[in-house]
Amino acid sequence: MSEQLHKLINAINGPLWDGLVWLLLGVGIFYTLSTFFVQIRLLPRSIAAMRSSRQPNEQTHGITPFQAFVTGLASRVGVGNIAGVAIAVTLGGPGAVFWMWVTALIGMSSAFAESSLAQLFKVHDRETGQFRGGPAYYITTGLKQRWLGILFALSLIITFGLVFNAVQSNTIVAASEAAWGWGKEPVGIALVILTAPIIFGGIKRVARVAEALVPIMATVYLLMALYIMATNIGAIPQVFGLIFSDAFNFKAAGGGFLGAVVSQAMMLGIKRGLYSNEAGMGSAPNAAAAAAVKHPVNQGMIQMLGVFVDTIIVCSCTAFILLMSNVHGGSDLTGAQLTQAAIVSHVGAWGADFLAVVLFMFAFSTIIGNYAYAESNVQFINSYPLVLTVFRMAVLGMVYFGAVNSVPLVWDMADMSMGFMALINLVAIILLSPYVFMLLKDYQRQLKTGAEPTFKLSEHPELQQKIRTDIW
């Protein structure tokens, strides 16, 4: 029975994701051109906004913009940055890295759009005193389609709240078992004990943990990559040459029209890049909406920076570690094992222990980041405290389940639900694009006057029947 179910899910995932990859790229290109390359024009300002956003402003509700940024980054930066890049390089060649970069640069505009919309349509939860929002909220309020918002919320809860957390705990167990021989059950119990107080503390505690953990894990991994690059500095031009030359080396990706007109490097780079940075998928806006900012565009800029950090910086670290090693070609290894072998070839046997620790930090931060996304969507469907408590128990159950079981079936189920989630969100942000253009125009108009942009609902009477007046 399970085998038949697995075949059915894979039969759906194939055409769903083949089309979805192009839709994600198309929406990114649409927003890139229609906003006149907002991800390039406002990138310096987004960096400045992120650096100055660690302290709360005068608003008493919500988390800081920086906390929302690292909460989103906690979910984005995970095992995909280590295993996903290795898979792309193994199957697609070094040129896949180039297409990951292209995907990220294009996807930054989609991330800007969806996170700006999440801020505009966020709500104030009077019970918790926090802001919450995301695609389910802007679909319901902006498009007046609550049933579609509920469908999106259910897809996200299944994908990020339950299944992906099982996958992350499974990765932690595999890494610790390989490095130190630790058993599955005790590691699973330890993960539940570590996770429980964080998620039962709500979004603010999740944000505080992410604020502490994410910069540390990113910095540690970046320092390792910089050390490897410094000790192999003469090979850097060769690696860049390999990436760019192989990017346009045509090797058909597969059958059918789409598979025949793109190279394998292009398809693998696009897929792995989108899986890693989640631009346009509708996940990161759930964290973005929780921030207290003066203008929705502020958080849109900060969240698009998350795509840049995830792919252009962290994924590139893995790519250079691999391509500067002697293990990326002709090896039977793939995924995290290939990255582990590459690090060992550069620094010695202790590199295996190092990657096990890094994988734990990446995967554990992803668990709490995923939970933050799901919590907002559970509250969207039903805000009773008992429902949220039951959901938190289910999350802990899936963390343990993933630790002690193999999860290929649930991973493919997550791909399917995530695919439907992304499809709904992409259609929504295209239909809601006039709001994105209005917000960007308002922000840029205020910038030209030299003032710090502040969104005032009173200046937009056409929105007053749709937007909560107690927020803006």
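These are my notebook entries on a few places I looked up in this structure.

**Before starting**

I am working with a predicted model, where local features need pLDDT of at least 70 and side-chain atom pairs count only at pLDDT 80 or more, while totals for chains, interfaces and linings use all residues. Residues are numbered from 1 along each chain as its sequence is written, and side-chain values use heavy atoms, with hydrogens and water left out.

**Entry 1**

Helices here are DSSP runs (H or I, at least four residues; strands are E, at least two), numbered from the N terminus. Axes are lines fitted to C-alpha atoms, for helices over the stretch in contact, and angles run from 0 to 180 degrees between N-to-C directions.

At what angle do α10 and α16 pack? I found about 55° between α10 (residues 202-231) and α16 (residues 335-347), with the axes 11 Å apart. That makes α10 oblique to α16. For the cut-offs, under 35 degrees is roughly parallel, over 145 roughly antiparallel, 65 to 115 roughly perpendicular, and the rest oblique. The crossing of α10 past α16 is left-handed, meaning that the near helix is turned anticlockwise from the far one by less than a right angle (clockwise would be right-handed).

Then I listed the residues in contact (heavy atoms within 4.5 Å). From α10 come Tyr-221, Met-224, Tyr-227 and Ile-228, and they meet Thr-339, Ile-343, His-346 and Val-347 of α16. I sorted the residues of this contact into six nonpolar, two polar and no charged. In this sorting, Ala, Val, Leu, Ile, Met, Phe, Trp, Tyr, Cys and Pro are nonpolar, Asp, Glu, Lys and Arg are charged, and the others, Gly among them, are polar.

**Entry 1: α3 and α15**

Next came α3 (residues 43-51) and α15 (residues 296-323), which pack at about 100° with their axes 9 Å apart. These two helices are therefore roughly perpendicular to each other. On the α3 side I noted Leu-43, Arg-45, Ser-46, Ile-47, Ala-49 and Met-50; their partners in α15 are Met-301, Ile-302, Met-304, Leu-305 and Phe-308. This contact has nine nonpolar residues, one polar and one charged.

**Entry 2: the cysteines**

How many disulfides does the structure hold? I found zero, a disulfide being a pair of cysteine sulfur atoms within 2.5 Å. For Cys-315, the nearest cysteine sulfur is that of Cys-317, 9.1 Å away. Seen from Cys-317, that distance is too far for a bond.

Cys-315 is buried at 3%, and Cys-317 is buried at 6%.

**Entry 3: positive phi in a loop**

I moved on to the loop between α1 (2-34) and α2 (38-41), where Phe-36 is found. Phe-36 has a positive phi of about 55° although it is not a glycine. Phe-37 lies in the loop between α1 and α2 too, and its phi is also positive, near 60°. Phe-36 counts as exposed because its relative accessibility is 63%, whereas Phe-37, at 42%, counts as partly exposed.

**Entry 4: α7**

Helix α7 (residues 135-142) is mostly covered, with seven of its eight residues buried. Among them I noted Pro-135, Tyr-137 and Gly-142. Just after α7, Lys-144 takes a positive phi of about 60°.

Ala-104 lies in α6 (residues 95-120) and is buried, at 0% relative accessibility. Between Ala-104 and Ile-312 there are 7.1 Å from C-alpha to C-alpha, though they are 208 residues apart in sequence.

Ala-289 sits in the loop between α14 (285-288) and α15, and it is buried at 0%. Its contacts beyond four places in sequence include Phe-131, Arg-132 and Gly-133.

Last, I checked Trp-180 in α8 (residues 146-180). Trp-180 is partly exposed, at 35%, and beyond four places in sequence it touches Asp-353, Ala-356 and Val-357. From Trp-180 to Thr-35, 145 residues apart along the chain, the C-alpha separation is 50 Å.

Key
Buried < 20%, exposed > 50% of the residue type's maximum accessible area, 1.4 Å probe, protein only.
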